[in-house]
Amino acid sequence: MKRYSLCGLILSVHFFIGCGTEKQNVVPTINVTADQVLFTSDDYGKFNDLYSIDLATKKFNTLRHIDASSDTGAYQINNAAGELEHFYHVEKFSQKNNTRVTHYSSTYRQNENVNFPINTKDLILHKGKLLGIGYDDRKIIKTDLNLNEEMPATFIKGLEHDINSVSNSDKNITSILIANERVFVVSAGKYEKDDNNTDEKKPKVYLLNQELNAVEKSWSMQYCFNAFSMQRVENNSKLLISCNPNYGTGNNNPSFILIDANKINIDKNIDAMNEQSFLDKDAEEIVLLNQSQRSDYYFVKVNGISLDKKQAFITEYKRIGFGWEAKGEVENSYWYNIETKEITPTKNVAGHVIYNKKHNMYLFSCFLKNNVCEKDKFVLAKDMYGTDPELIDVKIKGIFSGFAKVLN
């Protein structure tokens, strides 16, 4: 890993590790059990923490404190009984250094891989392997469940751009989809106020070749202008997206899009690099139309799915103030069923949610009091609507990163 040698010479021990060199942390032994919910927090550029809540005892624990990373994420794979078996702690190191992923398991020795793409944005389970995609460098990696590499982080031809222009690129990758054994990646887009009718800056869906190292074809979204928050639903081919408003036309309302990669016509003869092609209405469906007609929404987040994976948990935040000083308070939270189109409100819960199979309960990150999340409280509920809530005391440092995304 010669490219990081200078970084290792000039930085402190903490940042030496953060630069993605071959030097690794001593990974502690953490016994992953079906009673646990594991999650992370971070203070950008300073530290990140790994926590657990034992649902049998309702006890909150800090499992690990790590200095120097920028932000974090988490993923998990359940066993055949639907209980936690593999947990992946993802640590990102800004736009210059590889992502470090640490694997904790109920059956295997803990280990880590420091070669994941820069700012790894999404992981997906495909044919018993992990695929990871980099938001900044557009690399893709394939490993086994223990993070042993089967394909090293590889540039995807057709998504190249100057790494120094990440913030201005429309090709930053946010999600991976699988349909008919083919791999698709989804970009965030870069649509701004001066980009009216500039379709090439809208989010796109890219079909990768069989070798996963090049774009084979691509399609622009018609109804999404910046992909802000997203959640795979039902299976690995469907993605529910909360999109930022279409500022180019003066529209202040967000839009909601359901992408179904199974319905993309990949046999259509198009040139991925030279021809502008759009997803058809079967592959890109406008949903939740009546929910997005309020101009005072600051942002809308999709953060969790139901046990059957057919319902997504959505929280709407009301704008208070303007520009960078704007803040949000919870305006609404509900479940959206992608099959029936039904919207079901929740009871004083919002934010993020995860389901625990062993205890048959949902854990929410926010207990609402006067539209504000109560400090240092999570909510354990016997159903997905927040019925009979039991508050759990937590002491989270920095910013809560969200519960793990379940990959199966």
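This is a predicted model: local features need pLDDT of at least 70, side-chain atom pairs count only at pLDDT 80 or more; totals for chains, interfaces and linings use all residues.
Local features are reported at pLDDT of at least 70 and side-chain atom pairs at pLDDT 80 or more, while totals for chains, interfaces and linings use all residues. Residues are numbered from 1 along each chain as its sequence is written, and side-chain values use heavy atoms, with hydrogens and water left out.

An open sheet of five strands, with mixed pairing, runs in the order E7-E6-E5-E4-E30. Strands (E) are DSSP runs of at least two residues, numbered from the N terminus, and two of them pair if DSSP finds at least two bridges between them. Strand E7 (111–116) and strand E30 (405–406) each have a single partner strand and stand at the edges, so one side of each is left without a neighbour in the sheet. Within the sheet, E5 pairs with strand E6 (residues 97–105) in the antiparallel sense over seven bridges. Thr102 in E6 is the bridge partner of His89.

Strand E5 (residues 84–93) also holds Glu85. Beyond its neighbours within four places in sequence, Glu85 is in contact (heavy atoms within 4.5 Å) with residues including Val32, Asn78, Tyr104 and Thr107.

The account now turns to the nonpolar cores. A nonpolar core is a set of buried Ala, Val, Leu, Ile, Met, Phe, Trp, Tyr and Cys residues joined through side-chain atoms within 4.5 Å. The largest has 20 residues, and Phe184, Val205 and Met221 are among those with the most contacts inside it. Six strands, E12, E13, E14, E16, E17 and E18, each supply at least two residues of this core; E17 gives the most, with three residues. Leaving aside neighbours within four places in sequence, Phe184 is in contact with residues including Val205, Trp219 and Ile264. Apart from this core lies another, of 16 residues, among them Ile124, Leu131, Leu159 and Ile173.

Aromatic residues complete the picture. Rings of Phe, Tyr and Trp (its six-membered ring) pair if their centres lie within 6.5 Å; planes under 30 degrees apart count as stacked, over 60 as edge-to-face and the rest as tilted. The count comes to 13 aromatic pairs. Phe400 and Phe403 form an edge-to-face pair, at 5.2 Å centre to centre with 75° between the planes, and both residues are buried. Phe400 and Phe403 also belong to one aromatic cluster with Phe39, Tyr51, Phe60 and Phe378.

Key: Helices (H or I, at least four residues) and strands (E, at least two) are DSSP runs, numbered from the N terminus. Buried means under 20% relative accessible area, exposed over 50%, partly exposed in between (1.4 Å probe, protein chains only).
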